[in-house]
Each structure stands twice: as C-alpha cells, then as structure tokens.
Amino acid sequence: MTWLTLFNRIGPYLAVVALIAAIAAGGWVGRGWYEDSRDLAEERGAQAAIDAAMERESKVAEKVEDRLADLKANERIIDRGVIREIQNPVYRNVCLPAGGLRLLNAAARGEPVPADAADPVPGDAADPE
C-alpha cells in the first residue's frame, strides 16, 4: 500500500478531524478574547468609579482645608479672649478658699510652706464641679 492509496482512504477522515480541531481552536481563542474584553470593560468601569470618587473626595478635602484655614484664625482670637477671661479676679478666686490662696501665694513667692497649716481646711471646700 502506497501513501497515495492510504491518503485516499484516510484522507477524508483526517480532513474532518482537522476541521473539527480548527473549529475547536478557533472557539477557544474567540472565547479567550471575549473574556478578556469583558474583564477589560470591568476594569475600566472600576477605574472610572475610583477616579470619580477621588475627584469628589479631593473637592471635599479642599473645602475642609479652606474651612480649617479660616478656623485657625478664629482659634487665635478665641485663645486671646480666654486668657483675658482667666485673668479676671472672679475666675481666679472662686476655686480656693482664703487659706488655700495664702498657701499658694506663699509658695509662689518662694517662702517655705509650713507642714501644718495654721488654719484647718474648712469642711465646705469649693467643689471642683
């Protein structure tokens, strides 16, 4: 049997098998392209959503920074007002009774503070609340 007679017998079968293999390979390649394009569309959509969120958040952050810059100027003004209020005698003398103020003033002047106070601590000491 020669190659030509063998090809004449098996040739049509080989052609059908080759055609089926080509269709299968083409379907496999086409399916891969389809899945790749779908994945690419999903990635582009996700990236577009991320970009939109970042744009929105950057605008919000810019507004917050502008507002904080205004608040820092107000903060300095408020601090000066608090210092002025604390220096008023009403706020300095409310928390401690007279005996406690004498002890603090003596300590501020550098005088030795006696271990036993001459005056007992009153029972109705100022409540810190």
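Where is the place of leucine 6? Leucine 6 sits in helix H1. The model behind this answer is predicted, so confidence comes up again below.

Start with the overall fold. The chain has three helices and zero strands. Read from the N terminus on, its elements run α-α-α. Helix H1 covers residues 3–86, and helix H2 covers residues 89–93.

Next, confidence. Mean pLDDT for the chain is 77. Residues that reach 70 or more make up 65%. Among the elements, H1 has the highest mean pLDDT, at 84. Helix H2 has the lowest, at 55. Where pLDDT is low, predicted coordinates should not be read in detail.

Now the surface. The chain holds 129 residues, and buried ones make up 2% of them. Its accessible surface comes to about 11,700 Å². Carbon and sulfur atoms account for 63% of that area.

One is nonpolar: Trp3, Leu6, Ile10, Tyr13 and Leu14 form it. Together these residues have about 600 Å² of accessible area. Take leucine 6 within this patch. Its relative accessible area is 31%, so leucine 6 counts as partly exposed. Patch members need over 30%, and leucine 6 has 31%.

The other patch carries negative charge. Asp36, Asp39, Glu42 and Glu43 gather there on the surface. Glutamate 43, like leucine 6, has its place in helix H1. Is glutamate 43 buried or exposed? Its relative accessibility is 55%, so glutamate 43 counts as exposed. The cut-off for that class is over 50%.

Technical notes: Residues numbered from 1 in each chain as written. Predicted model: local features only at pLDDT ≥ 70, side-chain atom pairs only at ≥ 80, totals over all residues. Heavy atoms only, no water. Patch = residues over 30% accessible without salt bridge, like charges linked within 9 Å, V, L, I, M, F, W, Y side chains within 5 Å. Areas by Shrake-Rupley, 256 points an atom, 1.4 Å probe, with all protein chains shown as cover. Salt bridge = Lys/Arg side-chain N within 4 Å of Asp/Glu carboxyl O. Lys, Arg positive; Asp, Glu negative; His and termini not counted. Charge placed at Lys NZ, Arg CZ, Asp CG, Glu CD. Helix = DSSP H or I, 4+ residues; strand = E, 2+ residues; numbered from the N terminus. Buried < 20%, exposed > 50% of the residue type's maximum accessible area, 1.4 Å probe, protein only. pLDDT = per-residue confidence, 0-100.
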